[in-house]
2 protein chains.
Amino acid sequence: MAKDNFVENIADIEADFPQWYTDVCKKTGLVDYGPVKGTMVIRPYGYAIWENIQREMDARFKATGHKNAYFPMLIPMSFFTKEAEHVEGFAPEVAVVTHAGGEELAEPLAIRPTSETIIGNMYSKWLQSYRDLPILINQWANVMRWEKTTRPFLRTSEFLWQEGHTVHATEEEAMEETIKMLGVYKEFAENVLAIPVLCGRKTEKEKFAGAVATFGMEAMMKDGKSLQSGTSHYLGQNFSKAFDIKFLDKDGVQKYAYTTSWGTSTRMIGAVIMAHGDARGLVLPPKVAPEQAVIVPIAAKKGGVMEACQDIKTKLEKAGVRVVLDDTDNSPGWKFNEWEMKGVPVRIEVGPRDLEAGKVMLFRRDTLEKSECALGATVETVVSLLECVQRDMLESARARRDEKIVSANDAEGILSGVEAGNFVKAGWCGCRDCEDKIKEKTNATARVICDKLQHEVCAVCGKPAKHSVYFARAY
Amino acid sequence: MAKDNFVENIADIEADFPQWYTDVCKKTGLVDYGPVKGTMVIRPYGYAIWENIQREMDARFKATGHKNAYFPMLIPMSFFTKEAEHVEGFAPEVAVVTHAGGEELAEPLAIRPTSETIIGNMYSKWLQSYRDLPILINQWANVMRWEKTTRPFLRTSEFLWQEGHTVHATEEEAMEETIKMLGVYKEFAENVLAIPVLCGRKTEKEKFAGAVATFGMEAMMKDGKSLQSGTSHYLGQNFSKAFDIKFLDKDGVQKYAYTTSWGTSTRMIGAVIMAHGDARGLVLPPKVAPEQAVIVPIAAKKGGVMEACQDIKTKLEKAGVRVVLDDTDNSPGWKFNEWEMKGVPVRIEVGPRDLEAGKVMLFRRDTLEKSECALGATVETVVSLLECVQRDMLESARARRDEKIVSANDAEGILSGVEAGNFVKAGWCGCRDCEDKIKEKTNATARVICDKLQHEVCAVCGKPAKHSVYFARAY
């Protein structure tokens with residue numbers, strides 16, 4: 001049956017979530033594997049989502065006073081050794097250029113896995129006085145981390161991201177920036193990606209190599225696993241001391257500055273897929289959907305149908321809606337399946353009988369609901385329906401997530417919780433040993449520390465709890 | 001004298017054009033040198049120009065049916081050997097990754113100098129039938145070509161660019177695309193960068209390694225040298241045969257496709273600097289200027305001045321003008337010099353006496369003219385002045401260029417022409433030997449072939465001319 005075509009295309013989401021993910025990624029034209037192991041090609045449909053993410057996020061960075069710049073991709077290997085924790089964290093993943101222009105290089109060059117070191121080196125040249133502060137710069141770039149196990153969008157050797165790098169005169173200002181950008185990420189995730197996120201500080205074990213403190217946002221995927229979707233790092237004076245980022249303060253004294261960095265990547269596309277997708281495939285939030293509406297003519301050759309479709313398309317485009325008219329030779333049923341798999345938020349069906357009755361049919365992808373709409377009101381109805389879908393997708397993702405946050409008092413509780421696909425809140429004494437034991441026993445990791453202490457004892461050792469922590473299995 | 005501060009900042013444009021260029025690049029905050037030889041950091045003021053270029057160009061690509069995608073940066077070295085001319089042209093400039101993740105790689109990987117090979121490899125997987133054609137994809141990316149002599153924006157080991165890669169069923173369609181995109185570039189150069197360009201076919205010697213034919217656009221810099229500012233390549237079946245890009249045609253026969261590629265880069269920022277700049281520094285066309293107008297308060301502490309400045313700023317922003325209010329402690333004279341050096345198209349001076357008289361002063365950077373403007377008409381006057389500046393900059397650049405195109409009948413004429421800073425049109429028999437001799441004798445190269453034959457004999461050998469060619473010294 002044509003209507004069930006999607007079953008042939010993608011694996012059962014309930015039975016095999018990882019295969020479902022891979023199928024959705026590949027069969028909707030989001031991505032393909034590159035010729036080198038661990039690399040991906042972001043195809044036009046996937047890249048259009050990234051462009052929408054970039055546009056929305058870039059506007060937020062600029063509204064908070066940041067400017068974009070571009071730093072070289074190749075970093076002298078010696079830069080990495082200047083910050084001890086940083087090199088330990090990143091050296092094992094680095095790709096190295098040893099030859100160029102037909103010659104062996106005097107010093108091997110790393111392809112940036114992240115740019116704190118090379119940007120720090122430039123900031124030390126640029127920064128003179130307190131008048132130059134704060135420095136608020138963001139970079140959109142490709143980075144490379146050589147990973148053993150890779151999956152499209154989630155973990156590939158090369159990926160696209162943005163990395164903010166800021167410099168401040170005081171600890172307070174730098175910490176304020178760190179928290180502010182975490183807030184920008186959270187607002188973006190909720191209002192653009194329609195993904196509710198848990199934000200908080202990371203444990204020492206999970207923090208960024210070289211940071212004083214890392215704050216992260218975690219998103220729940222439909223299999224109950226967590227996806228780290230953005231991080232904001234307070235770097236203290238670690239990098240300013242390693243790279244000599246100093247300034248002459250108002251009081252005439254030379255001081256080391258305080259720096260931050262924060263980043264999000266094409267991984268967010270993976271978050272969108274796994275937070276919203278269903279048995280039929282992708283479900284895209286209108287704000288990032290490459291096409292927000294698809295018009296499907298029914299009995300296209302009947303008089304007036306194509307003209308009406310074209311007219312609706314023109315009017316929707318004028319109203320700023322990204323819309324496609326599927327005028328191919330495929331059957332309407334085939335088109336329904338195809339565009340549902342591709343996650344287009346709203347479908348407009350235009351048939352001769354509908355037209356005679358002065359109406360069209362609207363279908364919303366998120367709830368699979370159909371409704372009638374007066375032909376003359378199509379544009380305003382679609383525009384408000386898109387707003388409604390955007391809002392409802394966030395709310396239903398939030399409801400799904402809240403239902404799957406449980407609390408536990410011991411390691412067994414954490415294990416049964418995560419095995420049932422939950423995020424589990426539990427008490428933690430704060431020591432690395434107990435954190436490691438939870439990982440061993442449950443394969444769950446500390447995602448973020450809760451703002452408020454809600455447990456009396458550590459779930460592992462039974463000593464007084466210092467923090468409540470969200471534990472989950474994670475991508 | 002404060003008014004002449006700019007003389008201290010940048011070298012004399014007449015006496016030392018190369019040093020003037022370097023000074024302008026560095027002292028206006030466009031760019032800085034990276035730590036690795038031959039690399040550049042594009043600073044916020046420079047990157048903002050690139051963002052404006054990207055936005056304008058991307059809209060044109062989309063309007064002509066292209067979509068963006070992203071392909072991996074690392075290319076197996078073996079890919080390069082598949083197209084003989086291509087490997088010969090690019091192998092000497094390639095940077096090579098030999099180690100990654102702590103291990104030596106089985107096959108060394110090239111950092112893309114251009115992406116025909118890796119994109120061709122993917123297209124061969126994606127393309128099945130004539131129904132899949134044309135494939136119209138563009139990529140915004142960084143590329144790397146290891147150059148011996150480097151200069152900011154003009155020639156650096158890493159640079160940012162866009163590369164279009166398209167696939168077509170027939171030779172005619174592919175050639176049509178090649179020419180169409182050259183036209184898009186030309187329209188962009190003229191209407192956005194305000195740079196008149198000469199477009200035409202390149203000689204065999206100057207064409208892209210692997211192309212059947214290359215078409216280029218050449219811009220005249222203020223020193224009379226030419227800057228290749230964009231190229232569009234008809235690749236015929238060279239890459240489709242090397243990478244097996246085939247399709248099942250309507251007639252049921254498997255056929256090799258025809259491909260094109262076309263690119264422009266951050267080099268265009270260099271073109272803007274050298275086509276429009278003057279003794280005071282940058283002169284930016286409004287469409288790419290990071291700030292289109294600067295408001296300078298005179299006697300800022302006098303009642304009402306800052307309020308009036310702020311009010312003008314708010315209104316200009318609402319009208320879509322990119323505007324900055326310089327409310328620093330520096331003197332007005334210092335600010336004038338600074339923003340003139342940075343090439344801001346229009347300056348608005350707001351002083352207490354002007355305000356009393358109900359007016360402001362406007363200064364246009366391109367012609368250095370000042371004019372009065374009624375306070376209440378500031379916004380509309382600035383908006384129309386910006387349009388006027390944009391138009392006039394193109395026209396005066398065109399007049400400058402046309403004055404410096406001369407014709408010659410022999411090699412001596414070419415030599416004296418280029419030494420006087422001209423582009424020289426001359427006849428050419430079409431043989432490589434004569435082209436080489438002109439290079440030897442004059443240090444000028446064939447930039448593009450003229451559309452019409454305008455000479456009877458070759459300037460070198462005196463045999464019948466096959467083409468008229470623009471010769472110039474080039475960057």
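Here are legends for a few close-up views of this predicted model.

**View 1. A five-stranded open sheet in chain A**. Reading across the sheet, the strands come in the order β16-β15-β17-β18-β19, and their pairing is mixed. At the edges sit β16 (323-325) and β19 (369-374), each with a single partner strand, so one side of each has no neighbour in the sheet. From one strand to the next, the twist averages 25°.

**View 2. Where β15 meets β16 in chain A**. Strand β15 (residues 293-297) runs parallel to β16(A), and three bridges link the pair. Look for A:Ala293, which stands opposite A:Val323 of β16(A).

**View 3. Helices on the sheet of chain A**. Helix α11 (residues 332-341) lies across β15, β16, β17 (346-350) and β18 (359-364), running at about 170° to β15(A). Helix α13(A) packs on the sheet too, touching β15, β17, β18 and β19 of chain A. The direction of α13(A) makes about 10° with that of β18(A).

**View 4. Along helix α13 of chain A**. This helix takes in residues 378-403, 26 residues in all, and reaches 36 Å from its first C-alpha to its last, close to the expected 38 Å.

**View 5. Around B:Ser265 in chain B**. This serine belongs to strand β14 (residues 258-265). B:Ser265 counts as buried because its relative accessible area is 10%, and buried means under 20%. Leaving aside residues up to four places away in sequence, B:Ser265 touches B:Trp50, B:Phe159, B:Leu160 and B:Trp161.

Terms used
Residues are numbered from 1 along each chain as its sequence is written. Chains are lettered from A and ligands numbered from 1 in the order in which they are written. This is a predicted model: local features need pLDDT of at least 70, side-chain atom pairs count only at pLDDT 80 or more; totals for chains, interfaces and linings use all residues. Side-chain values use heavy atoms; hydrogens and water are left out. Helices (H or I, at least four residues) and strands (E, at least two) are DSSP runs, numbered from the N terminus. The expected span of a helix is 1.5 Å times one less than its number of residues. Two strands pair if DSSP finds at least two bridges between them. Axes are lines fitted to C-alpha atoms, for helices over the stretch in contact, and angles run from 0 to 180 degrees between N-to-C directions. Contact means heavy atoms within 4.5 Å. Buried means under 20% relative accessible area, exposed over 50%, partly exposed in between (1.4 Å probe, protein chains only).
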